[in-house]
Amino acid sequence: MAAAAAAGSGTPREEEGPSGETAAPQPQAPTSAPGARLSRLPLARVKALVKADPDVTLAGQEAIFILARAAELFVETIAKDAYCCAQQGKRKTLQRRDLDNAIEAVDEFAFLEGTLD
């Protein structure tokens with residue numbers, strides 16, 4: 001029943017893989033529909049952050065877009081890992097300790113150790 005509701009709601013439906021695990025929905029290709037955004041972060045805010053660096057003199061619009069997209073992917077990745085930590089604690093709500101646990105557990109996040117203190 002839930003799968004039928006999800007299929008009719010217009011949201012991507014999660015499918016079960018051969019091992020019974022739920023696979024993440026595949027990202028949708030950008031559409032050319034009016035109002036469709038390629039970046040979920042405000043590019044003006046990203047540009048302001050880039051300009052705040054005294055070492056940066058010029059930043060093209062393409063570079064700003066790539067930085068915004070990279071930031072989105074980073075936030076998505078760390079949020080997924082933190083959510084896994086929350087699920088291990090039988091919770092659905094992320095807490096700061098979940099971020100701390102994700103930073104400690106994943107080697108790629110080692111550069112973040114001590115930044116949330």
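Does Glu72 count as buried or exposed, and at what relative accessibility? At 7% relative accessibility, Glu72 counts as buried; the term buried means under 20% relative accessible area, exposed means over 50%, and partly exposed lies in between, with a 1.4 Å probe and protein chains only.

## Basis of the report

The model is predicted: local features need pLDDT of at least 70 and side-chain atom pairs count only at pLDDT 80 or more, while totals for chains, interfaces and linings use all residues. Residues are numbered from 1 along each chain as its sequence is written, and side-chain values use heavy atoms, with hydrogens and water left out.

## Glu72 and its surroundings

Glu72 is placed in helix H3. Helices (H or I, at least four residues) and strands (E, at least two) are DSSP runs, numbered from the N terminus. When neighbours within four places in sequence are set aside, Glu72 is in contact with Ser39, Arg40 and Leu41; contact means heavy atoms within 4.5 Å.

## Salt bridges

The structure holds five salt bridges. A salt bridge is a side-chain nitrogen of Lys or Arg within 4 Å of a carboxyl oxygen of Asp or Glu. One of them joins the side chains of Glu72 and Arg40, at 4.0 Å from N to O. Because Glu72 lies in helix H3 and Arg40 in the loop between strand E2 (22–23) and H2, the pair ties together parts that are 32 residues apart in sequence. Arg40 counts as exposed, at 61% relative accessibility.

Glu72 also forms a salt bridge with Arg69, and here the closest N and O atoms are 3.0 Å apart. Arg69 and Glu72 are three residues apart in helix H3, so about one helical turn separates them. Arg69 counts as partly exposed, at 30% relative accessibility. Another salt bridge is formed by the side chains of Glu76 and Lys80, at 3.2 Å from N to O. Both residues lie in helix H3, four residues apart, about one turn of the helix. Glu76 is partly exposed, with a relative accessible area of 33%, and Lys80 is partly exposed, with 46%.

## Packing of H2 and H3

Two packed helices are described by the angle between their axes and the distance between the axes. Helix H2 (residues 43–51) packs with helix H3 (residues 61–88) at an angle of about 100°, and their axes are 9 Å apart. Axes are lines fitted to C-alpha atoms, for helices over the stretch in contact, and angles run from 0 to 180 degrees between N-to-C directions. H2 and H3 are therefore roughly perpendicular to each other, a term for angles of 65 to 115 degrees.

On the H2 side, the contact is made by Leu43, Val46, Lys47 and Val50, and on the H3 side by Gln61, Ile64, Phe65, Leu67 and Ala68. By class, this contact has seven nonpolar, one polar and one charged residues. Ala, Val, Leu, Ile, Met, Phe, Trp, Tyr, Cys and Pro count as nonpolar, Asp, Glu, Lys and Arg as charged, and the others, Gly among them, as polar.

Lys90 is found in the loop between H3 and helix H4 (96–105). Lys90 counts as exposed, at 76% relative accessibility. The phi of Lys90 is near 60°, a positive value in a residue other than glycine. Most residues other than glycine have a negative phi.

Notes:
Angles under 35 degrees count as roughly parallel, over 145 as roughly antiparallel, 65 to 115 as roughly perpendicular and the rest as oblique.
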